[in-house]
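Subject: The structure with its ligand

Hi there,

Here is the structure I promised to pass on to you. Please have it open beside this email as you read.

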Amino acid sequence: MSEQLDKIKEAIVGGQHNEIEALVQAALDATLAADQIVNQAMIPGMDVVGRKFSNNEIFVPEMLVAAVTMNKGLALLKPFLQQSGAESKGRIIMCTVKGDLHDIGKNLVIMMLEGAGFEVLDMGVDINVDSLIATVKEIKPDVLGLSALLTTTLPEMAKVIEALEANNIRDEVKVMIGGAPVDAAFSDKIGADGYGRDAAEAVQIARQLITG
Ligand code: B1M
């Protein structure tokens, strides 16, 4: 069992995008759970990629191929991560903040939220404050979810909250934040309503924020 997870992790690290689907399918066939494949093989693989990048062992192109590999694997797992189909538990807008192109974590959070019955509008990546405010006014979501992976884009989250206040709509929407450099202290500091460490926690926080 762990050999299969090891192979998937290695495929992510090595950017083996032609092999990942067969490996993931083989793991599913061996009755490994989708969340186990994601949390015990794919995300740890991305962490290795990040460490290698920090150590100058690999560069942006390799990181990009690892991301392609990850996305292909996740696409195959998506139906297994989403087995709800129940009526909407609430409406959520999700995006990655301005200046930040990382979307794998955001997409994983969206998959889990949808799987838990939330209706999610994915605005994508590199979303500026003005278009976010306009969309919040139009869609009136219960929760606004912001993702950031770069320390340089974290301040964008605070800007969004300031803009909600300036537009007098701060009380109308809960703000949930997440991403590798985000923590509870940062969330408190900028006045967010909740912080999710990972996709599973994001679902719990969204539930709490909506049900009160
Ligand atoms: Co970039 N990158 N990257 N990258 N990248 C990191 C983030 C980095 C830590 C790598 C490193 O140096 N070790 C580093 C940031 C350093 C820092 O700011 N301190 C970095 C850098 C520097 C860069 C560039 C600047 C590199 C360059 O060009 N010189 C550049 C910036 C581009 C930009 O955004 N403007 C860049 C580019 C890229 C690629 C495009 C090549 C690619 C992204 C492709 C894509 O996303 N489509 C990429 C990748 C793949 C990574 C790493 C290796 C992996 C990220 C990832 O997908 N992780 C990353 C290193 C790392 O994180 N280990 C790195 C897996 C994902 C499932 O986890 O996104 O953390 P994560 O999401 C988690 C939780 O954080 C949480 O739940 C998710 C599931 O558990 N979560 C939320 C996320 N959002 C949430 C929202 C919530 C709640 C929970 O509520 C709303």
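Predicted model: local features only at pLDDT ≥ 70, side-chain atom pairs only at ≥ 80, totals over all residues.

The chain falls into two parts, domain 1 (2–84) and domain 2 (91–211). Their centres, taken over C-alpha atoms, are 25 Å apart. Where the domains meet, 12 residues of domain 1 are in contact with eight residues of domain 2.

The space it takes up is the largest pocket. H3 gives the largest share, with seven residues. Both domains take part, as domain 1 and domain 2 each supply at least three residues to the shell.

In total, 37 residues surround the ligand, and the closest are Ser-54, Leu-101, His-102, Asp-103 and Ser-147. Sorted by class, the shell holds 21 nonpolar, 11 polar and five charged residues.

- Leu-101: a polar backbone atom is 2.6 Å from an oxygen atom of the ligand.
- Asp-103: a polar side-chain atom is 2.7 Å from a nitrogen atom of the ligand.
- Gly-99: a polar backbone atom is 2.9 Å from a nitrogen atom of the ligand.

Leu-101 and Asp-103 also belong to the closest residues named above.

Happy to go through any of this with you.

Best wishes

Terms used
Residues numbered from 1 in each chain as written. Heavy atoms only, no water. Near = heavy atom within 4 Å. Polar contact = N/O pair within 3.5 Å; in protein donor to acceptor, adjacent residues only side chain to side chain. 1 Å grid on protein atoms, 1.4 Å probe; cavity = no way out; pocket = protein on both sides within 12 Å on 5 of 7 lines; lining within 4 Å. Sits in = over half its atoms within 2 Å of the grid points. Helix = DSSP H or I, 4+ residues; strand = E, 2+ residues; numbered from the N terminus. Nonpolar A, V, L, I, M, F, W, Y, C, P; charged D, E, K, R; others polar. Domains from an automatic or database assignment. Contact = heavy atoms within 4.5 Å.
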